[in-house]
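Open the model in your viewer and keep the selection panel at hand. The stops below go from a domain boundary to the chain contacts and then to the core.

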Amino acid sequence: MIRHLISAADLSRDDALLILDTAEELAQVADRPIRKLPTLRGRTVVNLFYEDSTRTRISFEAAAKRLSADVINFSAKGSSVAKGESLKDTALTLEAMGADAVVVRHSASGAPHRLTRWVRGSVVNAGDGTHEHPTQALLDAFTMRRRLGRLDGLRVTIVGDVLHSRVARSNVLLLDTLGAEVTLVAPPTLLPLAVSSWPCEVGYDLDAELPKSDVVMMLRVQAERMNAAYFPTVREYSRRYGLDGNRMALLPDHAIVMHPGPMNRGVEIAAEVADSDRSTIVEQVANGVSIRMAVLYLLLGGSESETERAEAAR
Amino acid sequence: MHALRAGADPHAGQAAAAAQGRSASPPGGKVVLGSEEIRRALTRVAHEILERTDGAGDVILLGIPTRGVPLARRLAAGLAEVEGRPAPVGSLDITMYRDDLRLRPARKLGHTDVPPSGVDGRIVVLVDDVLYSGRTVRAALDALNDLGRPRAVQLAVLVDRGHRELPIRPDYVGKNLPTSQREVVQVLVSEIDGEDAVVLGKGPGPSEPEASE
Amino acid sequence: MTDASGESPRAWLIKDAQPLGGPATDLLVRDGVITQAGRGLSAPDAQQLDAAGLIALPGLVDMHTHLREPGREDAETVLTGTAAAALGGFTAVHAMANTDPVADTAGVAEQIWRLGRRAGYCDVRPVGAVTAGLNGSRLAELGAMADSAARVRIFSDDGRCVSDAVLMRRALEYVKAFDGVIAQHAQEPRLTDGAQVNEGEISGRLGLAGWPAVAEEAIIARDCLLAAHVDSALHVCHVSTAGSVEIIRWAKSKGWRVTAEVTPHHLLLTDELACSYDPVYKVNPPLRTAEDVAALRAALADGTIDCVATDHAPHPLEEKESEWQVAAFGMTGLETALRVVHEAMVSTGLLDWAGVADRMSARPALIGRLDGVGAPLHGRALAVGSPANVVLYDPSARDVVDPAQHASRSRNSPFAGMELPGRVQATFLRGNATVLDGKLAR
């Protein structure tokens with residue numbers, strides 16, 4: 001198993017399937033009277049969250065605690081970071097505290113990558129800038145597999161601000177690794193210039209893609225993007241790219257609707273869609289804990305490998 | 001009790017073995033229990049369970065993956081033949097409760113499947129292929145503890161090879177097999193390996209990842 | 001290096017050097033001038049220097065350096081920066097104006113000029129800001145700076161772009177009065193708001209805001225047309241894209257007075273390096289693609305790009321050790337420049353040593369007006385009568401770049417850990433040895 005999880009591209013097909021299968025087993029823990037396993041007892045997991053994200057942090061915290069690990073929460077607000085402590089110094093402090101794993105969310109793309117140079121434990125990327133959010137992609141794939149029974153050949157349409165979305169990047173990479181077929185739909189201004197080099201298709205017409213989709217994943221769109229001229233008005237965006245009741249009716253019967261959250265009800269997704277049976281938004285949250293348990297177990301639950309020991313000695 | 005004989009179709013086991021990529025003949029080593037002896041042992045164990053649990057009315061069998069699971073199913077089928085009622089059977093993976101996790105890279109989990117009746121107030125019979133150090137059973141007891149509160153826990157194993165490292169003893173034993181620690185005991189079951197056999201070989205060969213200890 | 005009397009030698013006999021890579025020749029230097037050149041020279045009163053196997057080049061001239069003093073002496077000072085320059089084989093450097101205070105007055109320009117003279121490692125030519133405070137809205141007192149003791153001729157807001165078209169036009173017109181040159185840092189600010197790396201496949205993959213090539217090319221095109229329209233001289237700083245090369249080639253073909261420079265790092269490195277998120281590779285303009293590198297090399301070879309300029313941009317450790325977004329832009333380059341050009345241009349057969357002398361000495365001296373009248377003479381051929389600004393370079397040496405060994409105060413070199421050919425063995429500034437045996441001589 002790999003030592004750090006920074007990008008969905010770090011995972012081979014076997015690695016990714018192992019995580020999904022492990023999560024499948026660990027999901028049972030949520031239904032037991034005692035929602036705990038002793039596996040990571042005595043290990044320390046640090047949640048290093050520079051960006052506010054209660055949901056993701058709680059998810060990782062629940063996952064670590066269910067595995068009996070000790071959890072230390074380090075949030076940037078009001079901490080030494082707010083007083084100007086550098087990422088490096090924070091990392092060295094965590095290292096001195098003996099963090100076995102550092103789960104990091106940061107507004108700067110590449111921050112987890114930099115951390116791997118300064119900590120010896122495992123680094124898990126919980127979202128870095130507009131780069132990646134690999135555990136989100138894993139829980140999304142897990143949700144799809146649970147609902148639809150497969151991933152190979154599944155047709156997934158991802159809609160929204162792809163340019164600024166770490167969720168989109170991770171999903172495109174992971175779904176490609178797992179054999180699904182991804183189509184991105186967005187106004188051209190919200191697609192990266194070099195998107196043609198990504199392992200997916202691209203379309204500008206949402207209505208054309210919906211009847212062919214097994215999964216529709218809506219990405220959050222910030223209204224402020226309007227001020228940087230990415231789209232003229234929220235109204236126009238919603239009209240052309242929002243998933244409302246009419247559009248939902250274009251979907252095949254079995255198709256599901258996903259959203260990584262938090263949602264802008266009425267912008268990219270209508271309330272009736274978010275609350276419908278097709279929507280997996282609520283179960284995505286529970287699945288998040290199972291996936292994160294699987295990731296923490298696979299990264300920390302065994303011995304350090306030969307390579308890791310050699311690296312640590314250097 | 002033909003239900004305890006490995007699969008009616010002689011080719012089914014071979015196909016399974018081929019699918020597993022294993023040859024059907026035992027690797028270097030001596031066969032100390034053949035398929036007939038295994039069948040007879042399991043038959044006897046099933047009767048013993050019925051006796052000691054007063055008809056196995058509230059017994060639930062939990063096999064420890066990997067090979068404890070098909071053995072548990074065979075025992076359940078055996079109980080059902082005599083009593084006419086199916087006995088609840090499932091599996092209990094103990095990977096997350098092992099005491100030796102840090103010695104090897106993180107392991108793939110086996111499947112846990114607890115029958116809907118649950119374990120509370122029941123007699124749980126843990127089923128495994130080989131009893132060795134007792135650590136697997138210790139882990140299974142911890143796992144069971146987090147699932148509920150059985151009335152009693154008993155242990156059924158196909159082979160007891162000695163060398164206990166913990167105060168654990170089996171309730172039902174298919175065969176006592178004294179071994180030296182340098183020897184390797186390998187249990188083959190037709191559902192997985194295409195044939196039934198217990199093979200005693202010289203170690204250290206390729207390690208047996210699912211070998212009970 | 002001093003002779004027995006404790007003074008610097010007034011005469012040097014450099015034996016068996018290979019001027020521009022040509023046949024072995026002796027050079028006799030006396031009182032700051034090359035007095036003889038030939039075989040088997042003898043001068044018993046001169047300090048002998050065995051230059052067998054060494055290539056002799058005219059002292060290199062850098063059109064684009066950041067010496068950081070006044071204001072950012074934690075990163076570099078005129079003393080440490082010019083020492084680094086001498087170790088890199090430079091005898092003259094143009095010091096950019098984005099200091100603190102900005103070099104937008106005669107007073108600051110003269111201060112920098114004097115610091116250079118006092119340090120004595122190389123001639124420091126202060127570049128004057130185009131706009132007061134680099135604010136892009138009002139012209140600085142370009143005339144006062146031109147008339148000052150520093151005799152400023154190159155003006156640049158480098159670090160920032162003079163993006164206002166009217167202001168750029170006025171600046172181009174105004175400097176005609178004293179044969180000045182506007183050196184533009186071409187970067188359309190609105191297209192590069194928050195930009196971090198070249199916009200392309202890498203930026204999309206890494207989740208970093210892109211710096212599109214068009215933001216450089218559009219400004220260059222506009223400025224070439226403006227320079228033509230008002231018949232003035234434009235110099236384009238740190239050209240980084242294939243498209244920019246095309247535009248400059250076109251402008252030159254029309255006979256317009258456009259010159260251009262390229263940095264050593266843009267001749268060798270690509271945006272792939274950003275994948276490590278190590279900010280040592282963060283620079284403005286950013287590292288581009290392999291296609292851009294190839295176009296820049298070809299342009300330097302055929303003269304479309306006139307010269308190599310280091311854009312030496314030292315930064316203290318804390319500004320380069322953080323996450324990418326927050327880190328400063330810039331790379332050091334004085335001490336590695338010649339070696340990088342050797343690797344990128346000479347080893348690849350694109351340029352010979354005569355070409356290197358032209359692109360790193362003669363042409364930058366010409367563009368910088370280092371003509372012996374307003375400023376000391378540089379860039380002359382290694383011939384009798386020329387000032388003795390000489391670099392002796394060992395092309396056969398090879399080692400791994402270690403910034404900890406650099407004379408610059410800062411360590412942000414993108415070539416750290418890279419093996420490069422060559423070594424500057426000696427540098428002479430008007431007959432005074434600033435570097436001997438690969439080390440500072442004073």
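Start inside chain C: 28 residues of domain 1 of chain C are in contact with 39 residues of domain 2 of chain C. Contact here means that two C-beta atoms, placed from the backbone, lie within 7 Å. Before going on, note that this is a predicted model, where local features need pLDDT of at least 70, side-chain atom pairs count only at pLDDT 80 or more, and totals for chains, interfaces and linings use all residues. Residues are numbered from 1 along each chain as its sequence is written, while chains are lettered from A and ligands numbered from 1 in the order in which they are written.

**Stop 1: the domains of chain C**

Select 11-56 + 384-440 of chain C for domain 1, then 60-367 for domain 2. These bounds come from an automatic or database domain assignment. Taken over C-alpha atoms, the two domain centres are 26 Å apart.

Which elements give two or more residues to the domain 1 side? Pick β16 (390-400), β17 (419-429) and β18 (432-436) of chain C. β17(C) gives the most, with six residues. Strands are DSSP runs of E, at least two residues; helices are runs of H or I, at least four; both are numbered from the N terminus.

Now colour the domain 1 side by class: 16 nonpolar, 10 polar and two charged residues. Ala, Val, Leu, Ile, Met, Phe, Trp, Tyr, Cys and Pro count as nonpolar, Asp, Glu, Lys and Arg as charged, and the others, Gly among them, as polar.

**Stop 2: chain C against chain A**

Show both chains. The contact takes 16 residues from chain C and 21 from chain A. On the chain C side, helix α5 (residues 201-206) gives the most, with three residues. That side divides into five nonpolar, six polar and five charged residues.

**Stop 3: chain A against chain B**

Here each chain, A and B, puts in 17 residues. On the chain A side, select α1 (13-26) and α11 (281-300), the elements that give two or more residues. α1(A) gives the most, with three. The classes on this side are seven nonpolar, seven polar and three charged.

**Stop 4: the core**

The largest nonpolar core has 287 residues. Such a core joins buried Ala, Val, Leu, Ile, Met, Phe, Trp, Tyr and Cys residues through C-beta atoms within 7 Å; buried means 20 or more other C-beta atoms within 10 Å of the residue's own. Among the residues with the most contacts inside this core are A:Leu296, B:Leu61 and C:Phe155.

Leaving aside neighbours within four places in sequence, A:Leu296 is in contact with A:Leu40, A:Val45, A:Ala63, A:Ala64, A:Leu67 and A:Ala101.

Definitions and conventions
Buried ≥ 20, exposed ≤ 12 C-beta atoms within 10 Å, placed from the backbone.
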